[in-house]
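Here are my notes on the two-chain model, as numbered points. Please read them with the structure open.

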Amino acid sequence: MTFNRNYFDIGRLDRLAYGRTWVHRLDPRSKVVATLLYLLTVVSLPKYEVAALTPFFLFPVLLAALAGIPARFILRKMLIVSPFAIVIGIANPLLDTRTAVVIAGTPLSGGLLSFFSILLKFALTVGTTLLLIATTSFPGVCHAFRRLGVPSLFVSQLMFLYRYLFVLMEEAMRIVRAREMRSFGARGAEIRVYVRLVGTLFLRTVDRAERIYDAMLSRGFQGDIPTLGRSRMAAADLLFVATTVGFLGLFRFVPVTEGIGRLAQGVLG
Amino acid sequence: MHMADALLSPAVGTTLWAGTAAITGFASHRLKKQIDDRTIPLMGVLGAFIFASQMINFTIPGTGSSGHLGGGMILAVLLGPHAAFLVMASVLTVQALFFADGGLLALGCNVWNLGVYPCYLVYPFLYKPLAGGGKSPGRVLTASVVSAAVALQLGAFSVVLETLLSGKSELPFEAFLLLMQPIHLVIGIVEGFVTAGVINYVRTARPEILASMAASRPLGRDVQLRKVLATFAVLAVVTGGVLSWFASTHPDGLEWSIQRVTGSDSLPEAGQGIVSVLKRFQEKTAVLPDYSFAPAGNEAQKAEESPAWPMVDGGTSAAGIVGAAVVLGMVLLVGLGIRSFRGRNS
């Protein structure tokens, strides 16, 4: 079942976030800011750009390597992501057939270039976003959001959502299993049955929310989730953000790839 | 149908981020004044419920394919617009971060498409009048089906617009619409049936739950939608203005993509439609005086003058390919090097 896999992947992504490397110890805010700047820079590259995108792989690769995140896990997750960008992008080579470049006698169309560009951007943005969670943890990102000015009410219920995601998914899995054991073949999957199952799940959810609220009230809940975590940006954080910004600027505005290519051509030929 | 980072331009992405950020601030502000703490855990847990309910599937009659609950409409009916919007925004945030569904930059677009329309447009102006007091199951059914379908149509249409304005895709406007709208009409109608079913089931099984939710929810009357829209308009114009100015100095932004749309000779009429609308709008507002949307004729001429558009000459791009290979190799080596170093140390 596809959702089972997603479920276990969430758990794994969550566990990875409790590593103790240098990357994990950075302030969540610095990682969120660096990631957002990174995404903006990657997306801002022109439509036909392919070669200039390659240096941007340095950021996710460095993050994964320094934080000890298994690359295969991230790659596999990237593959099962819903491929909307690819479905839309694949039309480009069919529609834009004007020759843009001729390389070694082979004409390449503009559509092919822009499709490759979309593929690379897809890999860069998705991979880096997954790495943000894998190195920061979801509550970490939430606290960063709040300190960056996102309304605390929104952040509080975002954290509730995350906390009870696992609980309710297990609940739903039990319901699905029970349905499968009582029905054969396609039976039991009609809308009428479905509506009752989801309705039941909803009622259980509301009851659970009530119990959670009572439990939290007795522990002093006042509408906010405070944290004891570190709140100061250390020198390492500033250094991290500054270095990231520096390299982003370099890769964005200086044709690094082309220079290296010319150098390599010079050495070889 | 989540909008994806890879298809976005920075101008479109940040404009919609600004819009959704403004509405999130507004919704939190309103809610804080009107609800008790009890609703915060309820909202969070209902967000988790939307995810969990997607694990249960059903077969769509007559097709054999399976569907599941979308979320926006049912949340709006159960929680009211503000709370529903925030729950929807957090569901999409979790999807962006964990499933990389959409992406962080595209989050603004996705919250807009799947949150703002059902909660702030369709629910108050379509669902409420159609459903009346929500007592008759038949009216709830009609209202749900119409609302879910309209909300999803608006969302799908926005995806088309956002993709087109970003200019990364070559799909012409009409073809893209034909690709998106019909399939989302079907999905929307099915979602409407399911939404009505769940609401009616909950009302028959435990009527007091809906009643207590309605009691803790703010009344719809003092929703100052005008204020939200005004805030958004100001923010959008400011960000859009600044960023498009920036984009127009680099020819990869909005302007260029719109010219591309009009310049593609396959569907000149569709292109002219957008351009003329945008142009009229732009003449009226005149915030961006030198931001001109060229008429289709001009663009076609330009295209004739320079048939090989991309200003890439062969030598540069050959160096580009060699460079790309070398760079990727170096990046890989750095990664592997660090990993083996860490492996030896631990």
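1. Overall dimensions. Along the principal axes, the C-alpha atoms of chain A fill a box of roughly 70 × 55 × 30 Å.

2. Model and numbering. This is a predicted model: local features need pLDDT of at least 70, side-chain atom pairs count only at pLDDT 80 or more, and totals for chains, interfaces and linings use all residues. Residues are numbered from 1 along each chain as its sequence is written, while chains are lettered from A and ligands numbered from 1 in the order in which they are written.

3. Confidence. pLDDT is the predictor's confidence in each residue, from 0 to 100. Chain A averages 84, and 91% of its residues score at least 70. Where pLDDT is low, the predicted coordinates should not be read in detail.

4. Secondary structure. Helices (H or I, at least four residues) and strands (E, at least two) are DSSP runs, numbered from the N terminus. Chain A has 13 helices and two strands. Chain B also comes to 13 helices and two strands.

5. Burial and contacts. A residue is buried if 20 or more other C-beta atoms lie within 10 Å of its own, exposed if 12 or fewer, and partly exposed in between; C-beta atoms are placed from the backbone. Of the 269 residues of chain A, 45% are buried; of the 346 of chain B, 49% are. Two residues are in contact if their C-beta atoms, placed from the backbone, lie within 7 Å. Of contacts with a separation of 6 or more, residues 24 or more positions apart account for 76% in chain A and 74% in chain B.

6. The interface. Contacts join 90 residues of chain B to 105 residues of chain A. Elements of chain B that give two or more residues to its side include helix 1 (10-34), helix 7 (173-205) and helix 13 (314-345). Helix 13 of chain B provides the largest share, 19 residues. By class, the chain B side has 55 nonpolar, 24 polar and eleven charged residues. Here Ala, Val, Leu, Ile, Met, Phe, Trp, Tyr, Cys and Pro count as nonpolar, Asp, Glu, Lys and Arg as charged, and the others, Gly among them, as polar.

7. Helix 13 of chain A. Which residues of this helix are buried? They are A:Thr257, A:Glu258, A:Ile260 and A:Gly261. Seen down the helix axis, the buried residues fall within an arc of 160°, so they line one face of helix 13 of chain A. The arc is that of the directions from the helix axis to the C-beta atoms. The face turned away carries the exposed residues A:Gly259, A:Gly266 and A:Val267.

8. Two residues to check. A:Val241 sits in helix 12 (residues 235-253) of chain A. A:Val241 is partly exposed because it has 19 C-beta neighbours inside 10 Å. Beyond its neighbours within four places in sequence, A:Val241 is in contact with A:Ser30, A:Val33 and A:Ala34. A:Val241 and A:Ala34 are 207 residues apart in sequence and 5.8 Å apart in space, C-alpha to C-alpha. A:Leu94, in helix 7 (residues 92-95) of chain A, is 37 residues from A:Leu131 in sequence and 33 Å from it in space, C-alpha to C-alpha.
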